[in-house]
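Here is a brisk report on the model shown below. Keep the structure open while reading.

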Amino acid sequence: MARVRKRSPVAEPETDAVATPELSGPADGDSADLGHGEPDRGAYEPFYAIGLTKVFAIAGREFGGLFVSPIGWVITPIVILVVSYFGYLIPVLGSQQATMEGIFGLIAFLLILPIVPLTTMRLLAEERRQGTLEMLLTSPVRDWELVLGKWLGSLAFFGAMFSFTLVYVGLFLIYLPKVTVKPFGIPLTLGNLDFGLLLSGYLGLLALAAAFLAVGVLCSSLTQNQIVAAFLTFGALIVIYYCGQAAQFLAPPYDSFFQYVGGQERYASFSQGNIALKDVVYFASLALGALFIATRVLESRKWR
Amino acid sequence: MIEVQELSKSYGQRLAVDSISFSVPRGQVLGFLGPNGAGKSTTMRILTGYLSASSGSASIAGYDVFANPVEVRRRVGYLPENNPLYNDMRVSNYLRLCCKLRGVSPRRRRDRVDYVLQACGLEERRRDIVGRLSKGLRQRVGLAQAVVHDPDLLILDEPTSGLDPAQTRETRDLIVELGKAHTVILSSHILPEVSATCERVVIINRGSLVADDRPENLAKRMAEGRGIDVEMTVRGDAEAVRRKIALVQGLDTVEVVPLPNGECQVKVHGSQEDPREDLARAIVRAGFGLRELHSRTLSLEDVFISLTTEEPQAWPE
């Protein structure tokens, strides 16, 4: 990098010794023989060099892509309908319990079946099939930047999709019996909602989604067929989420392995308001591990 | 600009590229020629850092392709085979994304995108969805994305495959224009394309380099020691013409084919001196009508066929 910085002033001065000025571009730092040469380096460069701008460019493209693709527009309304009816109307209005637990539980289930497989199946499989993977990876994009960008993009889409659940939080705040709280000394009169429980539920959902989407990215990197990627993801998520239940059929010490690997219990403890470090570590390592393996899978094109 | 040393790549047991070495000076337009499956795309993918080589070294603009791939790729614009594009994006948004990925600073992005749109004749299409463009326009978008970050080197893998003749010509003209300001490597199995656009041709067959020269030199060197072929159209009786021509000195073969309109087609191969004047004199003196006479020089196509269909052998120095 040091060598590059030293060279940049050489390429900066404008010269007119270019064969076709109209082809050399407007802000072009041409040296004697058509050397458009040095990419421009400035305050922008450090952000580019560590990969941040590329990761966000890929994530932004993916986020936008899910909004223009039919998949986004088909899944979102169905999820909203299902969650509103089974997660809110029935438990809250039906049995008069002011709780988001039904919503969180249902979302965890919906993540496994339609949401995660359908949003992640295209991420890398489609790039591979269309050949755009070659365009991306022959740009100065490192493999991990691509994987991270794809994952962040799908996580952002997931966040946008579930922002609709904030409507229920709003409804609780308006219609529950009022209490006055004083956060930072400002008196507020709000519905009597357990904010700690709510925050913990949302954190659990975020952790679960982050880990599941990373598994989806991994499955999508393995194949160029989107259907195969979707089913792989579905299978992997079912196993990861429910394998804790196998523990009840097994004798020690085998049961503790399945208890450790299973995701359901850990997610449940989040939605009961119990944020434990071991659960955070579990979801974080699941996400990082899957993204790491996905990067390796992409790299494998080189030595295959 | 490019230095390639003993580059090899094998897929399992199959050797796709077999210790190729060449170098390309700045500003040159190099044609990479070979039949399908000869290793052209593999070599290009190695140069762009998409694949790694089994052995050998390659550097672009002084940066090693394997040790410093990110710096190399910032200086290379690549149009992959089949021109993959994001079909759901608008043309200008796609080019802007390419700018972001390739480190064009935010203040230059607008200028660069405007410039390539104009250079590639896409100004009226900037708001169009890529997936709805015709194949020729898609190809222009592919070239635009390869140029948008102002690379030193353009690597174009079969840039005209699958286009109709008008689009091929259009794309070729654009490449010639781009070649004035960039170093270009383009691969092709279409020979006229290479002789029309490239200053230098590298012919690859079964993974090894079989020729490396200017297109006209290749034909010339190939023709050496091969004698001369002359084709004539003569008005007159075929058998009489054949007897007269057989009297001319220094001909190896004479082939006369009568044509339905009273003319005949004559093909002659001479191994020593140019027999054209003697032939013309003989025919005119015998009272036949000489309608046409020309010598057939070897085209790049002949060179290509002879180099890629015979057993691979070293090009005579």
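Helices (H or I, at least four residues) and strands (E, at least two) are DSSP runs, numbered from the N terminus. By that rule, chain A has 13 helices and two strands. This is a predicted model, in which local features need pLDDT of at least 70, side-chain atom pairs count only at pLDDT 80 or more, and totals for chains, interfaces and linings use all residues. Residues are numbered from 1 along each chain as its sequence is written, while chains are lettered from A and ligands numbered from 1 in the order in which they are written.

**Confidence**

The predictor gives the complex an ipTM of 0.78 and a pTM of 0.80. Residue confidence is given as pLDDT, the predictor's score for each residue from 0 to 100. Chain B averages a pLDDT of 85, and 92% of its residues score at least 70. Within chain B, α3(B) has the highest confidence, at 94. Helix α11 (residues 300-309) of chain B has the lowest, at a mean of 69. Over residues 311-317 of chain B the pLDDT is below 50, and this stretch has six contacts in the model beyond near neighbours in sequence. A contact means that the C-beta atoms of two residues, placed from the backbone, lie within 7 Å. Where pLDDT is low, the predicted coordinates should not be read in detail.

**Chain A**

Burial is judged by counting other C-beta atoms within 10 Å of a residue's own: 20 or more is buried, 12 or fewer is exposed, and in between is partly exposed, with C-beta atoms placed from the backbone. Of the 304 residues in chain A, 36% are buried. Among its contacts between residues at least 6 apart in sequence, 66% join residues at least 24 apart.

Helix α3 of chain A covers residues 52-68, 17 residues in total. Its first and last C-alpha atoms are 24 Å apart, close to the 24 Å expected at 1.5 Å a residue. The expected span is 1.5 Å times one less than the number of residues. Its buried residues include Val55(A), Ile58(A), Phe63(A) and Leu66(A). The buried residues of α3(A) pack against α2, α4, α5 and α7 of chain A, together with α3 (91-101) of chain B.

Helices α9 (residues 195-221) and α12 (residues 264-271) of chain A pack at an angle of about 155°, with axes 7 Å apart. Axes are lines fitted to C-alpha atoms, for helices over the stretch in contact, and angles run from 0 to 180 degrees between N-to-C directions. So α9(A) is roughly antiparallel to α12(A), a label for angles over 145 degrees. In α9(A), residues including Gly201(A), Gly204(A) and Ala207(A) meet Tyr267(A), Phe270(A) and Ser271(A) in α12(A).

**Chain B**

An automatic or database domain assignment sets the domain bounds. For chain B it gives domain 1 (2-221) and domain 2 (227-296). Their C-alpha centres lie 47 Å apart.

Most residues other than glycine have a negative phi, and most peptide bonds are trans.

| Residue | Phi | C-beta atoms within 10 Å |
|---|---|---|
| Glu6(B) | near 50° | 13 atoms |
| Ser19(B) | near 35° | 16 atoms |

Glu6(B) is in strand β1 (residues 2-11), and Ser19(B) is in strand β2.

Ser23(B) also sits in strand β2 (residues 14-24). Is Ser23(B) buried or partly exposed? It counts as partly exposed, because it has 13 C-beta neighbours inside 10 Å. Leaving aside neighbours within four places in sequence, Ser23(B) is in contact with Ile2(B), Glu3(B) and Val4(B).

How values were computed: Angles under 35 degrees count as roughly parallel, over 145 as roughly antiparallel, 65 to 115 as roughly perpendicular and the rest as oblique.
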